[in-house]
Amino acid sequence: MGGTQAIIDRNALRNNVRCIRRTIPPATRIMGVVKANCYGHSTRLCVPVLRDEGLDLFGVANVEEGRQLRQSGVEGTIVVLGPPLPGMMEAYGQHRLEALVSNARMAAQLAEATPIGASVNVHLFVDTGMARNGSHPDDAVEVLRFMRELPQLSIVGFASHFATSDEPENPFTLQQLAIFDATLRRATDAGFRFRDVHLANSGGIFNVPDSHHSVVRPGLSLYGYHPTESRQASSGLVPVMNLHTHVANVTRFPAGVSVSYGRRYFTRQETEIATLPIGYGDGLMRTLTNKLNVLIAGSRFPVVGTICMDEVMVDLGLDSGVHPGEKAVLIGAIGNHQIDAYQLANAAGTIPYEICTNISARVPRIAAD
Ligand SMILES: Cc1ncc(COP(=O)(O)O)c(C=O)c1O
């Protein structure tokens, strides 16, 4: 028992790695994207499973995440997916982190921050259509030549990132891929060779087979969600995070009683209202007010009234038989009922990435096998 918990299903994580493996060529490696605490799923619980499954290549958002991952005992390759930041460049050499470099300025600063005799592995990052980071494709070979002259840098990778790979019909994805492949060809024609060539995120992995190259970078799909909702059911992916809490209290009210702040819900008839110890302080966004359901004792009930910081209320009706202490599922399944992060995301006007990463630090992550 207990209060609110995120139950991390390690078998689901294993299943998802295997599902991704079946989708890519045998020689293509998986870079597990483990940034933002494994998209809210807990690096502590997930990374050991990923390593067990044979992953030795990880992507993090910044050098602090990289440092923590290295210090947790990960020996393999750690690539920082965000740009090297002024003032943070020493960390790459100190913790054996690999950098995505977009231009000569970044390369020069990274080299300057790295002691002579030490070496940092770098991937050229090319902007093929995100307008976020990356060199212009026309400048790619020039940046590579500049980096080759810096003894502290060792060029190991060539990378980019998709903007629309979750939209199977969007022609922009194939345009990006064509720019990527043409730029890669110019680099190899100029004599450059790369250990890792990568641009496929989950959308690329599942929707764009030609984008796999030598490394793929799944994030969302590792944690059980296909980036294209209409393809979720047939994907074989299983959500890793279940969000559970327990009924704290059940009170009977007459019709016409307002529930919670702002009086945004009124009981329609005599009914029982349960309180659950979960709220926006746990990551259950307030914009989900009056749009959320919960599974208790095999049935689905509406969460009613404004979501509070630490509590929500549930309209049970009169015949539920629900008692304090009963398990309540906000993400997960009971019997024939299932709620996944897509349902919450659609209700909140966001994406499952945000639902999962939003589950706050105060919610304990508990492993389940
Ligand atoms: C550079 C980069 N690669 C890969 C990923 C993983 O993407 P996804 O979670 O869609 O698989 C991300 C996530 O945002 C990213 O920023």
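Modeller: The protein chain is divided into domain 1 (10-225) and domain 2 (241-368), with bounds that come from an automatic or database domain assignment. This is a predicted model, in which local features need pLDDT of at least 70, side-chain atom pairs count only at pLDDT 80 or more, and totals for chains, interfaces and linings use all residues. Residues are numbered from 1 along each chain as its sequence is written.

Biologist: What distance separates the centres of domain 1 and domain 2?

Modeller: The centres are taken over C-alpha atoms. On that basis, the separation of domain 1 and domain 2 is 38 Å.

Biologist: How many residues does the contact take from domain 1, and how many from domain 2?

Modeller: Two residues are in contact if their C-beta atoms, placed from the backbone, lie within 7 Å. By this criterion the contact takes twelve residues from domain 2, and from domain 1 ten residues.

Biologist: How do the residues on the side of domain 1 that touches domain 2 divide?

Modeller: Ala, Val, Leu, Ile, Met, Phe, Trp, Tyr, Cys and Pro count as nonpolar, Asp, Glu, Lys and Arg as charged, and the others, Gly among them, as polar. The division on this side of domain 1 is six nonpolar, three polar and one charged.

Biologist: Which residue in β13 is the bridge partner of Phe-253?

Modeller: Strands (E, at least two residues) are DSSP runs, numbered from the N terminus, and two strands pair if DSSP finds at least two bridges between them. Strand β12 (residues 249-253) runs antiparallel to strand β13 (residues 271-276), and five bridges join them. In β13, the partner of Phe-253 is Thr-271.

Biologist: Which residue in β16 stands opposite Thr-275?

Modeller: β13 also pairs with strand β16 (residues 312-317), in the antiparallel sense and over five bridges. Opposite Thr-275 stands Met-313.

Biologist: How do the residues of the shell around the ligand divide?

Modeller: A residue is near a molecule if its C-beta atom, placed from the backbone, lies within 6 Å of it. The ligand is surrounded by 13 residues, and the closest are Asn-201, Ser-202, Arg-217, Gly-219 and Leu-220. The shell divides into one charged, five nonpolar and seven polar.

Technical notes
Helices (H or I, at least four residues) and strands (E, at least two) are DSSP runs, numbered from the N terminus.
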